[in-house]
Amino acid sequence: MGSLVTILGTVLVIGSAEGTNEPPKLTSLSDPQVRYVVPAKPYVVLRRGPIEAVVVNNQAVDDAVLPGHRAGYSGLARLSHTQRKENLFVPAYGGLNFEHIIDGTAHQERKLLFEPRSWPMELRQIDSHTVELYQAPTPTYGVESCQRFELLQDGTIQVTIEVIPHKRAFRFGYMGLFWASYIHQPEELGIYFLGWPARLVSESGGKVPSAAAQWIHAKSPSHGLLATHPSWDDHRDFPRQEPFPLTLVFNLSEYRYAEPWYFGVSHGMALALVFRGLERVRFSQSPSGGGTGNPAWDFQFLIPEVQFKKRYQFVLRALYMPYESAEQVRAAVKPHLDALNPPK
């Protein structure tokens with residue numbers, strides 16, 4: 001059985017269910033016993049602790065809660081804090097938006113490049129602090145997905161993602177899944193993480209460098225250039241057709257991260273995204289993904305040798321807090337990093 005970790009009133013199961021290779025059943029995709037209602041509106045407002053989060057499907061909205069929200073952008077349409085009432089994200093777009101399904105095919109049609117944006121999503125409200133976004137198998141790749149957004153007691157957002165590929169449609173045998181967050185006019189366009197120059201990792205023979213990890217401020221000189229930051233032990237290479245149109249995905253930076261989390265700063269607030277190391281997430285960022293002055297702070301999961309009909313699961317947490325220093329953010333992240341990455 002997987003390890004049980006309790007933090008902030010939430011029990012998180014790490015690992016597979018006993019006697020199987022399947023991950024635990026954590027969303028309505030895997031657990032048909034989950035009860036939910038489908039709200040009349042295309043969004044749900046969650047409030048807990050200092051946080052207000054609005055979870056939206058990929059429909060357009062234009063009302064007092066989400067003025068001018070465009071179709072094609074799901075996830076967190078709005079994120080605010082008692083210390084900053086304004087939306088962290090570009091109001092027309094949002095954050096933690098399920099953006100791409102990738103197999104290395106150089107599609108030219110935008111609808112194929114951004115398939116999760118255009119295929120309908122169903123909003124499922126579980127309780128006053130939990131909502132899911134369910135998407136039936138997409139037409140090209142046949143990826144069925146469910147994303148659960150749970151607002152924990154302290155205002156941390158835990159996101160559990162489950163996907164099942166229902167088609168043998170992956171040209172090079174792997175499946176990439178990409179999420180984007182469009183930040184509204186922050187003072188700093190880049191992201192911060194602990195890591196090393198890629199050169200130093202290479203000189204260490206692919207092993208963890210002996211030198212202590214340092215704070216890296218990663219900011220691409222332009223969209224798609226030096227855009228993606230793997231972990232120090234992620235030496236995977238994924239074939240693709242060239243020129244591949246999604247330039248963020250495979251254009252690696254000159255840095256490698258040491259711990260599976262990063263943060264960015266906007267208007268005196270910090271957004272930190274914390275992951276499980278076993279999933280070997282790759283950080284991606286663009287200085288202008290949401291338009292001039294609106295960077296994209298992204299992440300992607302790449303699954304080699306993807307298996308037909310297998311359920312894959314990813315868990316992450318998003319923390320939004322007043323910013324004082326990198327070490328202050330690190331201290332706030334630590335219990336969540338430990339919860340997602342318990343000792344083996």
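**Figure 1. Aromatic pairs across the predicted model.** Search this predicted model from end to end and you turn up 22 aromatic pairs. One of them brings together Tyr73 and Tyr182: the ring centres sit 6.0 Å apart and the planes meet at 85°, so this pair is edge-to-face. Follow the chain from one tyrosine to the other and you cover 109 residues, which makes this a link between distant parts of the chain. Tyr73 belongs to the loop between β4 (51-56) and β5 (75-81), while Tyr182 belongs to the loop between β11 (175-180) and β12 (191-197). Both tyrosines are buried.

Figure 2. Phe244 has a relative accessibility of 9%, so it counts as buried. Phe250 is buried as well, with a relative accessible area of 12%; the cut-off for buried is under 20%.

**Figure 3. A cluster of rings.** Ring pairs also join up into a cluster. Its members are Phe98, Trp179, Phe193, Tyr257, Tyr262, Phe275, Phe283, Phe299, Phe301 and Phe314.

**Figure 4. Around Val131 in strand β8.** Val131 lies in β8, which covers residues 130-135. Its relative accessible area is 0%, so Val131 is buried. Leaving aside residues up to four places away in sequence, Val131 touches Val44, Leu46, Val55, Leu123, Arg124, Gln125, Ile126, Gln147, Arg148 and Phe149. Take Gln147 from that list: Val131 and Gln147 are 16 residues apart in sequence, and their C-alpha atoms are 8.4 Å apart in space.

**Figure 5. Around Ser145 in strand β9.** Look for Ser145 in β9, residues 143-151. With a relative accessible area of 1%, Ser145 is buried.

**Figure 6. Around Thr160 in strand β10.** Thr160 is part of β10, which takes in residues 157-165. This threonine is buried too, at 4% relative accessible area.

Figure 7. Zoom in on the bond that joins Glu242 and Pro243: it's a cis peptide bond, with omega at about 0°. Pro243 lies in the loop between β14 (228-229) and α4 (247-250).

**Figure 8. Positive phi at Leu96 and Arg280.** Neither residue in this view is a glycine, yet phi is positive, near 50°, at Leu96 and near 50° at Arg280. Leu96 lies in the loop between β5 and β6 (97-102), whereas Arg280 has its place in the loop between β17 (269-275) and β18 (282-286). Leu96 is buried, with a relative accessible area of 4%. Arg280, at 28%, is partly exposed.

**Figure 9. Stepping back to the whole chain.** For orientation, the chain's secondary structure comes to five helices and 20 strands. The radius of gyration is 19 Å, close to the 20 Å that the globule rule gives for 344 residues, so the chain is as compact as a globular protein of that length. Along the principal axes, the C-alpha atoms fill a box of roughly 55 × 45 × 45 Å. Of the 344 residues, 56% count as buried. If you take the contacts with a separation of 6 or more, residues 24 or more positions apart account for 65% of them. The chain exposes about 14300 Å², with carbon and sulfur atoms supplying 51% of that area. On the charge side, there are 33 positive and 33 negative side chains, and the centres of the two sets lie 3 Å apart.

Note on methods. Residues numbered from 1 in each chain as written. Predicted model: local features only at pLDDT ≥ 70, side-chain atom pairs only at ≥ 80, totals over all residues. Heavy atoms only, no water. Helix = DSSP H or I, 4+ residues; strand = E, 2+ residues; numbered from the N terminus. Rg over C-alpha atoms; globule rule 2.2 N^0.38 Å. Buried < 20%, exposed > 50% of the residue type's maximum accessible area, 1.4 Å probe, protein only. Contact = heavy atoms within 4.5 Å. Areas by Shrake-Rupley, 256 points an atom, 1.4 Å probe, with all protein chains shown as cover. Lys, Arg positive; Asp, Glu negative; His and termini not counted. Charge placed at Lys NZ, Arg CZ, Asp CG, Glu CD. Phe/Tyr/Trp six-rings, centres within 6.5 Å; stacked < 30°, edge-to-face > 60°.
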